[in-house]
Amino acid sequence: MPALLAEDLMNEMIPPLKGTDSAAKAARWLDEFHVGQLPVLDNRHYRGLVTEADLADFDDPNTLLSELPLGFTDTFVRPDQHFYRVMELAIQNKIQLVPVVDERHEYAGVVTISDALAAFGQQPAGGQGAILVLTMEERDYSLSQISRYVEENNAKIISAHVAQDEHDPYRVRVTLKLNTDSLARITATLERFGYVVTAQFNGTSALGEDEHERYDALLRYLSI
């Protein structure tokens with residue numbers, strides 16, 4: 001099947017906030033949409049994510065979001081990026097949604113981790129398992145070598161996605177779907193041989209109860 005991109009997965013039901021909105025409105029929307037973060041815009045430009053923790057620091061509900069020092073200003077994907085990148089950012093930053101921002105830094109929408117997991121479930125992979133994200137020098141990339149280290153720990157690679165590291169043109173990111181959720185020995189082996197493990201996901205980390213149930217359902221679907 002064709003690769004799914006961020007623009008294919010944007011959730012139209014989750015709205016962005018504006019800098020002129022109040023902390024009270026942000027808190028109300030976080031509760032209403034059952035999310036831990038929401039994007040904040042300055043005109044149409046993405047400023048960052050407001051979180052429940054941000055709002056806890058301000059007693060005045062009339063505080064404007066433009067007055068808050070927002071985090072996750074550089075946490076976003078481009079519309080044409082693969083959904084694996086969405087998952088990687090969500091896992092690394094422990095967030096439930098990832099903003100989609102175009103080349104002019106204008107906000108396009110968000111992809112939730114639930115939607116990204118659903119997309120992952122539609123890919124040609126099977127079995128129970130976990131996700132592992134590695135980075136390495138491009139010249140050091142060898143899927144057969146990585147596979148050997150994984151198999152030495154009684155596991156197999158079900159699927160793999162390779163992409164250029166956005167922060168270093170000489171490095172690549174490799175996202176692996178494994179047929180096991182026991183990652184400790186595998187990550188230790190890979191790190192011993194110089195691979196950098198930037199994220200790992202076994203269906204429990206970075207997920208709320210609803211997303212965890214969704215993930216379990218997807219893995220059951222994949223095992224059919």
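The chain in this predicted model has an accessible surface of about 11200 Å², with 48% of that area belonging to carbon and sulfur atoms. Of its 224 residues, 51% are buried. The chain holds seven helices and nine strands. Among contacts between residues at least 6 apart in sequence, 62% join residues at least 24 apart.

Four strands, in the order β7-β8-β6-β9, form an open sheet with antiparallel pairing. β7 and β9 stand at the edges with a single partner strand each, so one side of each is left without a neighbour in the sheet. On average, neighbouring strands here are turned by 20° against each other, direction ignored. Between β7 and β8, which run antiparallel, there are seven bridges, and A163 stands opposite R173 in β8.

Which residues of α5 are buried? In this helix, residues 143–151, they are I146, S147, Y149 and V150. Seen down the axis of α5, the buried residues fall within an arc of 160°, so they line one face of the helix. An α-helix has 3.6 residues a turn, so residues three or four places apart point the same way. The buried residues of α5 pack against β6 (130–137), β7 (157–164) and β8 (171–178), and also against helix α6 (184–192).

Definitions and conventions:
Residues numbered from 1 in each chain as written. Predicted model: local features only at pLDDT ≥ 70, side-chain atom pairs only at ≥ 80, totals over all residues. Heavy atoms only, no water. Buried < 20%, exposed > 50% of the residue type's maximum accessible area, 1.4 Å probe, protein only. Helix = DSSP H or I, 4+ residues; strand = E, 2+ residues; numbered from the N terminus. Arc of directions from axis to C-beta. Contact = heavy atoms within 4.5 Å. Areas by Shrake-Rupley, 256 points an atom, 1.4 Å probe, with all protein chains shown as cover. Pairing = 2+ DSSP bridges. Axes fitted to C-alpha atoms, helices over the stretch in contact; angles between N-to-C directions.
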